[in-house]
Every structure is written in C-alpha cells, then in structure tokens.
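Student: I would like to go through this protein with you, a few residues at a time. Could you take my questions as they come?

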Amino acid sequence: MSARIAPGGGTSNIATGIPVLDHLLAELARVGGFELALELPPADGEAEVAAAGTALGETFAALLRADGRPGHGSAFMPAEEALAQVVFEVSERPLVASNVDLSEARAGGLGGDLAARFLDAFADAAGVTLHVRLIDGEDSRHVLEAIFKALGAALSQACAR
C-alpha cells in the first residue's frame, strides 16, 4: 500500500480496486488541488475502503502537523442536490462525528456505509477530530461526492501555509 500527496493541479493516479472509491478520491484531489497517487493491493471491498482511508490519513498526518500549517479546516461543498460540510482539526483523540447514515445505500456494489468506513480509518490514521454534516441530499452517490469534495477543500485549507 502506498500513497503520495503533493500540492498541485488536482490530478490523481488512484487504483483501489473499487471504481466508486477511485472516483471519490479523484474528486477529493481535484477539489483540494492535490496531486494524489494511491495504490492498494487487492482485498475484499470493505478492507480496501479501510486501507484507502488509512493510507490517505497516514500521508496527510505529517502535512497537517508541519510548521506554519493551521492543522484545521472547514468547507461546504455541493454535488447536485446534496450539500455537505466537513470540519476537522488535528487531535490527540481522533474521532468522527457525523449525521450521515448511508448504511442502507449501495455504492459501486458495496453494501454498508462506504463513507463511514473510509472516514473512520482516515481520522484514526491522520489523528484528527472530524465532523461531517449532511445539510441536504437524497441521492447516495451525490451525498458521497459532496462529502469527499468537502473533505478535499478542508484538507487544502488545513495544509496551506
């Protein structure tokens, strides 16, 4: 498992084995303005989602704590009818607080809450307290896109000098 992040034009090279997750991470990179490279070895879907969150969290952990970086970020982002807010800060007690329940949604053939698995692994590995709020939205794909775009924008803010 390897992940690389760099400031840039928002291009990505992502191979998680889960097309919907690849798309969501590409949106995160595009909106955040990050060059993102992420490759994962094949595994079952749930393990790959958690591995992607862990790899990305570990990669961002050092950036969020670098000198001159605020270590916190906040963003609202839309995706069609969905609107999500993500707020986080570097923390000694990582956690995710969310009002989003996509446990019954199926995204890319995966059952359960893709976003929750990814965000839990990301927050633990990055060492952040992460709040996710769904302001509006019905379509689960749009909700996921709004969340990942908001996370990308908040990470961009948190990594700025």
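Tutor: Leaving aside neighbours within four places in sequence, Lys149 is in contact (heavy atoms within 4.5 Å) with Glu27, Arg30, Val31, Met77, Pro78 and Ala79. Please keep in mind that this is a predicted model, where local features need pLDDT of at least 70, side-chain atom pairs count only at pLDDT 80 or more, and totals for chains, interfaces and linings use all residues. Residues are numbered from 1 along each chain as its sequence is written, and side-chain values use heavy atoms, with hydrogens and water left out.

Student: Which helix holds Lys149?

Tutor: Helices here are DSSP runs of H or I with at least four residues, strands are runs of E with at least two, and both are numbered from the N terminus. Lys149 falls within residues 140-159, and that run is helix H4.

Student: How far from Lys149 is the nearest side chain of opposite charge?

Tutor: Lys and Arg count as positive and Asp and Glu as negative, while His and the chain ends are not counted. A salt bridge needs a side-chain nitrogen of Lys or Arg within 4 Å of a carboxyl oxygen of Asp or Glu. Lys149 is buried (under 20% relative accessible area, with exposed over 50% and partly exposed in between, using a 1.4 Å probe and protein chains only) and has no salt bridge. The nearest side chain of opposite charge is that of Glu27, at 4.6 Å.

Student: What is the N to O distance in the salt bridge between Arg30 and Glu27?

Tutor: Side chains of opposite charge can pair when their charged atoms come close. Arg30 and Glu27 both sit in helix H1 (residues 19-32), 3 residues apart, about one turn of the helix. Glu27 is buried because its relative accessible area is 15%, while Arg30, with 45%, is partly exposed. Their side chains meet in a salt bridge, N to O, at 2.9 Å.

Student: How many salt bridges does the structure hold?

Tutor: Besides the pair in helix H1, the side chains of Glu145 and Arg141 meet in a salt bridge at 3.4 Å, N to O. Those two are 4 residues apart in helix H4, so about one helical turn separates them. Glu145 counts as buried at 12% relative accessibility, and Arg141 is partly exposed with 45%. For the structure, the number of salt bridges is 2.

Student: How far apart in space are Pro78 and Glu145, C-alpha to C-alpha?

Tutor: Pro78 has its place in strand S4 and counts as partly exposed because its relative accessibility is 41%. Not counting residues up to four places away in sequence, Pro78 touches Leu83, Ala146 and Lys149. Pro78 and Glu145 are 67 residues apart in sequence, yet their C-alpha to C-alpha distance is 8.0 Å.

Student: Is Phe118 buried or exposed?

Tutor: Phe118 lies in helix H3 (residues 114-126). Setting aside neighbours within four places in sequence, its contacts include Leu21, Val49, Leu56 and Phe148. Phe118 and Leu21 are 97 residues apart in sequence and 9.3 Å apart in space, C-alpha to C-alpha. Because its relative accessibility is 0%, Phe118 counts as buried.

Student: Which residues is Ala61 in contact with, leaving aside its neighbours within four places in sequence?

Tutor: Ala61 lies in helix H2 (residues 45-65) and counts as buried, because its relative accessibility is 15%. Gly71 is 10 residues from Ala61 in sequence and 9.4 Å from Ala61 in space, C-alpha to C-alpha. With those sequence neighbours set aside, the contacts of Ala61 are Ala125 and Ala126.
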